[in-house]
Amino acid sequence: MSLDVAAPCEDHAGMISQPYQLYVERMDPAKNMARYYAMEIEQTMFGEACLIRRWGRIGTRGQEKHHVFEREEEAVHLFLELLKQKRARGYRPRTTLRYLQS
C-alpha cells in the first residue's frame with residue numbers, strides 16, 4: 001500500500017452515533033451554592049467511547065474525570081444514570097444567560 005494514494009475509509013463502526021452533551025446547574029443563594037455539572041461522550045483516538053465529566057463551582061475550572069468504554073452503549077448507560085442522579089439532587093439546565101463582568 002502506497003502512502004501517496006488515499007485509502008478508502010468506510011469503517012464507521014467506531015464512530016459515536018450521536019452527540020451526547022449535558023450542562024446543568026444547581027443554585028441555592030441561601031446556602032451560597034452555585035455548582036455546575038457537565039458531561040459529554042467522545043471517541044478516543046483508539047475508537048473507544050469516552051464519557052467525560054466536569055463539575056465544580058460556577059466560575060471555576062472544577063474537576064474532571066474520564067471513563068473509557070469499549071462500547072458506546074456502556075458510556076450512554078452511565079451518562080443516563082448520572083443524569084438521573086443529578087436531576088434528583090436538583091440540577092437543572094441553565095435558564096438565563098450570564099454575562100462576563102469586566
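Modeller: The cover over the buried residues of α1 includes β1, β2, β3 and β4 (63–69); helices (H or I, at least four residues) and strands (E, at least two) are DSSP runs, numbered from the N terminus. A word on the source: this is a predicted model, where local features need pLDDT of at least 70, side-chain atom pairs count only at pLDDT 80 or more, and totals for chains, interfaces and linings use all residues. Residues are numbered from 1 along each chain as its sequence is written, and side-chain values use heavy atoms, with hydrogens and water left out.

Now to the helix itself. In α1, the buried residues are E72, A75, V76, F79, L82 and K86, where buried means under 20% relative accessible area, exposed over 50% and partly exposed in between (1.4 Å probe, protein chains only). Seen down the axis of α1, these buried residues fall within an arc of 130 degrees, so they line one face of the helix; the arc is that of the directions from the helix axis to the C-beta atoms. An α-helix has 3.6 residues a turn, so residues three or four places apart point the same way. On the other side of α1, you will find H77, K84 and A88 exposed.

Next, the packing. In the largest nonpolar core, which has 14 residues, Y37, M39, I41, L51 and F79 touch the most other members. Such a core is a set of buried Ala, Val, Leu, Ile, Met, Phe, Trp, Tyr and Cys residues joined through side-chain atoms within 4.5 Å. With four residues, α1 gives the most to this core. I41 touches A75, V76 and F79, among others, contact meaning heavy atoms within 4.5 Å.

Four aromatic pairs are counted: rings of Phe, Tyr and Trp (its six-membered ring) pair if their centres lie within 6.5 Å, with planes under 30 degrees apart stacked, over 60 edge-to-face and the rest tilted. One of them joins Y20 and F79 edge-to-face, 5.7 Å centre to centre with 65 degrees between the planes. Y20 lies in strand β1 (residues 20–28) and F79 in helix α1 (residues 72–88), so this pair ties together parts that are 59 residues apart in sequence. F79 is buried, at 6% relative accessibility.

Finally, look at K86: its charged end sits over the ring of Y37, 4.4 Å from the ring centre. The rule asks for NZ of Lys or CZ of Arg within 6 Å of the ring centre and within 35 degrees of the ring normal.
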